[in-house]
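This briefing goes through a single protein model, topic by topic. Please keep the sequence and the 3D view open while reading.

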Amino acid sequence: MRICPFCGEGPIYEAKVKCTQEIIYICAECDTVWEKNNDEFEATNFSDYMKKRKQAALWTNIELLRAV
């Protein structure tokens with residue numbers, strides 16, 4: 001299991017955003033989100049990520065798929 005490079009504490013999960021079906025990677029501790037953009041990953045926080053999709057930043061709005 002990978003640990004978040006930003007907070008150094010939380011495990012990282014692969015997750016699916018329910019409203020868009022997008023696959024993201026999210027830290028369970030600090031809510032950093034990585035999304036793949038072309039061949040690179042971009043990091044942001046969960047609130048900003050969900051705000052761009054006009055959704056509330058609630059863990060019930062994502063489905064955890066597996067720990068990475």
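**Gln21 and its loop**

The backbone oxygen of Lys18 is 2.9 Å from a polar atom in the side chain of Gln21. Gln21 sits in the loop between E1 and E2. The model is predicted.

- Gln21 counts as partly exposed because its relative accessibility is 48%, and partly exposed covers values between the 20% limit for buried and the 50% limit for exposed.
- Gln21 and Ile62 are 41 residues apart along the chain, and their C-alpha atoms are separated by 9.0 Å.

**Overall build**

- The protein has five strands and one helix, and from the N terminus on the order of elements is β-β-β-β-α-β.
- A compact globule of 68 residues would have a radius of gyration near 11 Å, and the protein agrees with this at 11 Å.
- The C-alpha trace spans about 30 × 25 × 20 Å along its principal axes.
- Of the 68 residues in the protein, 29% are buried.
- The accessible surface of the protein is about 4,500 Å², and carbon and sulfur atoms account for 45% of it.
- Among contacts with a separation of 6 or more, 39% are between residues 24 or more positions apart.

**Nonpolar cores**

- In soluble globular proteins, nonpolar side chains tend to be buried together.
- The largest nonpolar core here consists of nine residues: Ala15, Val17, Ile24, Ile26, Val33, Phe46, Tyr49, Met50 and Ile62.
- Strand E1 (12–17), strand E2 (23–27) and helix H1 (46–52) are the elements that each give two or more residues to this core.
- H1 gives the most to this core, with three residues.
- A second, separate core has five residues, including Cys4, Ile12, Cys27 and Trp34.
- Leaving aside residues up to four places away in sequence, Met50 touches Val17, Gln55, Ala56, Ala57 and Asn61.

**Glu14 in strand E1**

- Glu14 belongs to strand E1.
- Glu14 counts as buried because its relative accessible area is 14%, and the cut-off for buried is under 20%.
- The side chains of Glu14 and Tyr25 are joined by a polar contact of 3.3 Å.
- Not counting residues up to four places away in sequence, Glu14 touches Ile23, Ile24, Tyr25, Glu63, Leu64, Leu65, Arg66 and Val68.

Methods
Residues numbered from 1 in each chain as written. Predicted model: local features only at pLDDT ≥ 70, side-chain atom pairs only at ≥ 80, totals over all residues. Heavy atoms only, no water. Core = buried A, V, L, I, M, F, W, Y, C linked by side-chain atoms within 4.5 Å. Buried < 20%, exposed > 50% of the residue type's maximum accessible area, 1.4 Å probe, protein only. Helix = DSSP H or I, 4+ residues; strand = E, 2+ residues; numbered from the N terminus. Contact = heavy atoms within 4.5 Å. Polar contact = N/O pair within 3.5 Å; in protein donor to acceptor, adjacent residues only side chain to side chain. Rg over C-alpha atoms; globule rule 2.2 N^0.38 Å. Areas by Shrake-Rupley, 256 points an atom, 1.4 Å probe, with all protein chains shown as cover.
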